[in-house]
Amino acid sequence: MPLDHAFRLSSILLAGTGFASLTLAIALPWWLLIVAAGAFSMALLRIQSTSAVSGAIGHLRFSALTWNVFLVLAFAGFWLDLFLISQEILPAGIHFLVLLLVNKLSNLDQRRDFLHLYAISLIALLASAALTTQIWYAPFFFAYLVIGVWTLLLYHLLQEQEELAEPQQGLAHTTPSLLLLPSLTARFFWTTNAVATSAFALTLLFFFLIPRVGVGFFQNNHGDNLRTTGFSEHVDLGVMGPVKQDPSIVMRVELPERTGHDSKWEPLYLRGVAYNRYDGKSWTNSLPHRRMLTELPEDTFTLRTSGTKPAPPARQLRQEILLEPLDTTVLFGTPFPTSVKGHFLSLQSDLMGSLYLPFPLHTRTQYTVYSSPTTLHTTEKKSAALLYPDFILQQYLQVPAVNEQVLELARQITQPATSIAHAVALIHTHLLTHYRYNLDVPSLQSPHPLEDFLLTRKTGYCEHYATAMVVMLRTAGIPARLVTGFLATEWNEFGGYYTVRQRDAHAWVEVYFPQSGWITMDPTPPSPDAAGATWWQSATRAMDSLRLKWDRLFVHYSAHDQFTVVQGIREGGEAVRAGFAETLSALSAQAAAIVGRMGSSVIPSDVPHYAITLLLAIAAVYGASAILRRLRNRRTQHSPFSTQQQTVITLYTSLLQCCAQRGITKPASATPMEFLEQIRTRWEEAWPLADSVTRLYTHVRFGEAALTEEALATAEAQVRTLRLLGHSTADSQPPSRGPVMPSRLR
Amino acid sequence: MASMTLHTWFHRLSRYRAISVTTEGVRFLLLTLAVGIAAVNTGNNLFYLLLAMMLSLIVLSGLLSEQCVRRLEFHRHLPDTLFVNQPATATLWIANRKSHLPSISLRFLDIAAGQDHDCGIRLTHLAPGASTLRTYPLLIRRRGRYQIDGIRVVTPFPFGLFHKKAFYPQEASILVCPELIPLPPVQLQEIHAIGHEHALSRRGHGNSLYNLREFRPGDDSRAIHWMTTARTAKLMLKETEAEDQRIITLAVFTVAPDEEADRFERALSIAASLIDQLVNSGLRLRLLLGEQQELLAEGNESPLHLFHALALCERRPVADSAAVQEALSQALARSQDGPALLLSSWADPALHGVFPAVDQILTPDTHKDLFDAAGSCLPA
């Protein structure tokens, strides 16, 4: 492809990349899209200046006056758009920018037109950066960078070619197509791509190194919060049904201490709010009193009250949670959180162990939760009666006025129980096995949703199962409460984290045992909709992992991250330095021992060992520097001749050898052409061959002409003929005296 | 002390490497600044990404242009002698000593007296290990020693945003002689006439008629005297009087006030032109330059040493007038073997009385066509 065609194409592609990113970031009016698409098509067709189509397009061009009128109208349209149509500066400005782009694409004649086009495309990319943080921006940015490097390189090279072609006139107004320009080569293609790759690597380096000093006046940290249900102080039974179809991502949870293989199949309960009062239709928290959590150094909040012993670290489960902005103040974590680490002003907890922020967060938040999971104590597994504290009995045995059949059902289920734990297990198993999971349940309209679930429909979802279990446990005298939160089941094997969505909202049961504490029980059977993994789901998970990385590394990269990286590097550097020092000291000790053993046999004993070591070190340094010097000299002392020149020199040397064997020696002072004259007079039959070889030699060596393969083959054949000629004449003539060395080439 | 060291370090750094920003570069920097301000003010990381991209292009420009201008080797071939305003050709051998990377978009400038002079050589591509030989015109407008400090290599590669300049020390020196100008023929005839009485009366190369004789085979047909041939109906040949024994003394009065500096240069130009004309016509010439030792030029040799003396001739202040006059008078008194001309750029009326041995004094007053720009064949 000719250089100017490549230049025009890359310029249009650059503008196209900026425009495409803008169209994805903001919904442009359809007529503007059509106009812009038309302008791009025309500009692309105009690249082929020789084709008939471009000739026809050339006739369709509008005059400069028409374009000026167009610009004035576009500017007037901008004000109209700003005050009447969009009534916002950003959309109005973007519409005006697209019109400017159309104008420039239609008038790409002079150098400054191209520069204006680049500026417009950059502003378009900037505008899309202001409008979005989505991952699709990344490929557009990368494409813009690569095409940008191509365009700038071609712009510069074309300018050079133009200036070389007409240095006197300074071709500011000459169209590139009028000049005889070189074409793109494969070498140029790969070199430019290498430059673009280097630019990309440098871009990443600078991006991570530029200090984040976001202290400006136009920061916008507010976004739309995700609407959640089931985490307020009052929850109606059946309220979770609608959100069970919502695939919006709520949070991502990493378990740093667990490998991906361990946690792949294990569902993770993320506890939100617990409820203790059920009035037959809705759950409420009758213990709303919250206390501020104690803040420890390094942004850590602990739930442990003073005087209690912390759980051993081995039993604690650490979770790194990346929470999307939600409309609730509840903070989630696996049961039961002991401490939370995160950038919060304060943190609160109620009497049922739920965690609360002072106000909903409007940005994505990352925090760490340390939890101590509870297990049923062995002594309590077989206890037929347990002694509960009064507070527990008061708060967690409340039963609403339910149908007698429900109470009878609970009695029937727990009748065979030999212990409290057994009774709990019987109810749990009964609900798991005798009821069907179904989201299509109109609970909110029902006056008795629990009775409908247990006695009539026998289908429902998590809230129904959990409510039924709590009520039945309480009727059996076992303290229990309902907990809402999320059940994380979607493991992302690409990113190594759980993806938690709105549809993972869940309700389960916590049963109280005096020694073991609150034990989590989930009576809900798995959803029948849970299908096996498909390639599409895998692709979605991979995409989500990429999106998360994009968000973490680019969109939400902050000064805190930079500080963490610097701290990590410093700690790593210290570790490496310590390791290196240890290795060095061990090696030096070994070397000293070896030197000592060798020295004792060769060197007199009165010479100290450190002197020998010093001498050896100096010798090693000297040796290394000598090797380096030699390598450097080898690099710098390469032949001043090109490969082709060296080839013709070898050929000419062969010619000289042939002549020398014939007794014609080239004096050092004779030029090749003078020597050719000598051959003509003294060896006439060899002259045509020598003439051809000599001319090729002078052209390639001194004239720097290109050596073609045909010319080389011919010359080699001529030298061979010359050699044969020399041998044949040598047979008939007395040989020359002694070996004759070729004279020095001039 | 520290500031001096820092200053020296910066001076050295700026001597060997310099960067200037092109028009496109200025616009690019302004855009970068704008994006930077937007990034800081909004805290938008995608703005920071764009800023990083623009910074990377700037840094890449520096790195790639550095690769273009480093490890080059030069050999310059200059003519031995130059005359003011006389174009000459210089040759520059350029080699790329890098083993893998080419040098692209190079422009070369001669550095003389701290000034850059564009050689007009442009190389779009010089392959690794390759070399090339380029010639460029050299036109110097000042007499004296022309000192070239080195070569400056300039490249706008890769993006045309900056001009990276590298300095390669490559010292060279040429003597620039005064400008040779065509003298009015009338003046030349006058000068020839002055020396006529000093010519020896024998046949040889010259302008004056010595004898007319019959043409013989082997004679130069161009010397046939056609008028006599027509009159006598025989081929007659004109023989000229030999002039090779004549010696003309050209004395240059090197004193001139500061305001007459241009006129002094003009006088030296006239002197050089006279030397060129007279020596080329076979005359022997003696040059007296103020207090300097006299210089001789034979008709059959190049008067380069006289031109070199003129190239290095310094103007003396008026205060030295007496000393210069005395030295010239003594030198002129010693050289009584031919006509003597005195060339002075300064119209001092006392000169006629001081130099009685001089046959003709050329001053601005006596020869306005030589010394004045208006109405003269001399370039202004």
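**Note on a predicted two-chain model**

1. Start with the contact between the chains. Chain A brings 41 residues to the contact, and chain B brings 36 residues. On the side of chain A that touches chain B, five helices each supply at least two residues: α6 (111–131), α7 (137–165), α8 (186–209), α16 (535–555) and α18 (609–636). The largest share comes from α7(A), with 10 residues. Sorted by class, this side of chain A has 27 nonpolar, 12 polar and 2 charged residues.

2. Keep in mind that this is a predicted model. Chain A has a mean pLDDT of 82. In that chain, 85% of the residues reach 70 or more. Two stretches need care. Over residues 168–180 of chain A, pLDDT stays under 50. The model has 17 contacts beyond four places in sequence for that stretch. Residues 734–746 of chain A also stay under 50. For these residues the model has 19 contacts beyond four places in sequence. Read both stretches with the pLDDT values in view.

3. Next, a sheet in chain A. Four strands form an open sheet in the order β3-β17-β20-β21 (chain A), and their pairing is antiparallel. The edges are β3 (268–275) and β21 (517–521) of chain A, each of which pairs on one side only. From one strand to the next, the twist averages 40°. Helix α15 (residues 462–475) of chain A packs on this sheet. It touches β17, β20 (505–513) and β21 of chain A. The direction of α15(A) makes about 15° with that of β20(A).

4. β3(A) runs antiparallel to strand β17 (residues 480–488) of chain A, and 7 bridges link the two. A:Tyr269 has A:Leu487 in β17(A) as its bridge partner.

5. Now the nonpolar cores. The largest has 76 residues. Within it, A:Met469, A:Leu473 and A:Val511 touch the most other members. The helix α15(A) gives the most to this core, with 9 residues. Which residues does A:Leu473 contact, leaving aside its neighbours within four places in sequence? They are A:Val424, A:Ile427, A:Ile478, A:Ala480 and A:Val511. A second, separate core has 72 residues, including B:Leu92, B:Ile104, B:Val153 and B:Trp346. As background, nonpolar side chains tend to be buried together in soluble globular proteins.

6. Is helix α4 (residues 64–85) of chain A well covered or hardly covered? It is hardly covered: among its 22 residues, the count of buried residues is 1. After α4(A) comes A:Gln87, with a positive phi near 60°.

7. Strand β5 (residues 103–112) of chain B runs antiparallel to strand β8 (residues 144–155) of chain B, and 6 bridges join them. Here B:Arg107 stands opposite B:Val154 in β8(B).

8. β8(B) also pairs with strand β9 (residues 162–177) of chain B, in the antiparallel sense and over 11 bridges. In this pair, B:Arg145 stands opposite B:Leu175 in β9(B). The hairpin of β8(B) and β9(B) has 6 residues between the strands. In that hairpin, B:Gly160 takes a positive phi near 70°.

Notes. Residues numbered from 1 in each chain as written. Chains lettered and ligands numbered in written order. Predicted model: local features only at pLDDT ≥ 70, side-chain atom pairs only at ≥ 80, totals over all residues. Pairing = 2+ DSSP bridges. Axes fitted to C-alpha atoms, helices over the stretch in contact; angles between N-to-C directions. Contact = placed C-beta atoms within 7 Å. Nonpolar A, V, L, I, M, F, W, Y, C, P; charged D, E, K, R; others polar. pLDDT = per-residue confidence, 0-100. Core = buried A, V, L, I, M, F, W, Y, C linked by C-beta atoms within 7 Å. Buried ≥ 20, exposed ≤ 12 C-beta atoms within 10 Å, placed from the backbone.
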